[in-house]
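I opened this notebook to record what I looked up in one model, entry by entry.

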Amino acid sequence: MSPPAAVPPAIESPAAVLAENTQFLINGADMLFASLRIRDTGLPPQHDIAPSEFAHAERAKSAVALRSNRRLPPAAITPDPSRPGSPPPVDYNGLSWPSVGAKKRLEATPEEKVERLDKLSGAIRTILECIGEDPDREGLLDTPTRYAKAMLYFTKGYEENLQTIVNNAVFTEDHDELVIVKNIEIFSMCEHHLVPFTGKMHIGYIPNRRVLGLSKFARIAEMFARRLQLQERLTRQVAVAIEQILRPQGVAVVMESSHLCMVMRGVGKTTATTTTSSMTGVFRKSTKTREEFMHLVALKGGR
């Protein structure tokens, strides 16, 4: 008795395949963007994109720490699990967005600092040798040490923290209109190519009965800029830091800069500039408020 003939699989129509793929994409999009949906709480949200419960808890701890001038426990610098790869929330444990090795550098003894400088100088000497130079010739003899000291200065923001910078310069004031500090010069280092990017930052906020000493805005921007950075991250870090410190009605930060990694290498476009922004609170949910800020910093029309 011969075995039964195999039944060929049914061939789905193109329309059925398209419908199945479309439903798969819709289901995937629902899962991907579930955390970004606007809250429906009956109250006006502070942000269009709802913060996670983790973010709410960390903001509350940061606010309490600032008022009581105490240090947060190590748990305060745990990365937000809802945003993989994002920097941890603002903390007051002496690092403010630490990176691996920053704490060791911050707490280094004088002997360890000398050892670090010697190690970095040796690395620079190796670079000179690898590009075909003679590190022992007169013009380059002290270059490794000079550059090592310069690099430590370029990244001195790793040794600074918000608590020291703010230094209790938060004052109660009945002012609820826009405050802007603009044209803050920024010098930072691109973390991809270790070359500079420079530009200007504009910071605005609408107080909620608390104001910050004006010089502190420039100091906060300087602290985050003096690290290996991305312009996008730098812009966001400054905005979130000010929001954590003041709990205002909203914060707006815009930065324009020129990146030498685009100017002196790669595509070689000397006139190209990059503009980034980070908006919270009323600046994010109110078009008029956002436009007023952009007009006052002369960036109207997205320029």
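Entry 1, cysteines. I looked up the exposure of Cys190 and found it buried, with a relative accessible area of 5%. The model is a predicted one, and I read the values below as computed from it. For Cys261 I noted that this residue is buried too, at a relative accessible area of 12%.

The cut-off for a disulfide is a pair of cysteine sulfur atoms within 2.5 Å. For Cys190, the nearest cysteine sulfur belongs to Cys261 and is 4.2 Å away, so under that cut-off Cys190 is in no disulfide.

I traced the strand order as β5-β2-β3-β6-β7, an open sheet of five strands with mixed pairing. At the edges I found β5 and β7 (274–279), each of which pairs on one side only. Helix α7 (residues 214–225) packs on this sheet and touches β2, β3 and β5, its direction making about 20° with that of β2. Helix α11 (residues 287–296) lies across β2, β3, β6 and β7 and runs at about 130° to β3.

I followed β2 (residues 179–190) to β3 (residues 196–206): the two run antiparallel and are joined by nine bridges. Between these strands the hairpin has five residues, and there I noted that Leu194 takes a positive phi near 55°. Which residue of β3 is the bridge partner of Met189? I found Pro196 in that place. Met189 also stands opposite Leu228 in β5. The pairing of β2 with β5 (residues 228–229) is parallel, over two bridges. On to β6 (residues 250–259): β3 pairs with this strand in the antiparallel sense over ten bridges. Within that pairing I looked up Gly199, whose bridge partner in β6 is Ser257.

I counted eleven helices and seven strands. Of the 303 residues, 37% are buried. I also looked up the contacts between residues at least 6 apart in sequence, and 66% of them join residues at least 24 apart. The accessible surface comes to about 18,100 Å², and carbon and sulfur atoms account for 58% of that area.

Notes: Residues numbered from 1 in each chain as written. Predicted model: local features only at pLDDT ≥ 70, side-chain atom pairs only at ≥ 80, totals over all residues. Heavy atoms only, no water. Helix = DSSP H or I, 4+ residues; strand = E, 2+ residues; numbered from the N terminus. Buried < 20%, exposed > 50% of the residue type's maximum accessible area, 1.4 Å probe, protein only. Contact = heavy atoms within 4.5 Å. Areas by Shrake-Rupley, 256 points an atom, 1.4 Å probe, with all protein chains shown as cover. Pairing = 2+ DSSP bridges. Axes fitted to C-alpha atoms, helices over the stretch in contact; angles between N-to-C directions.
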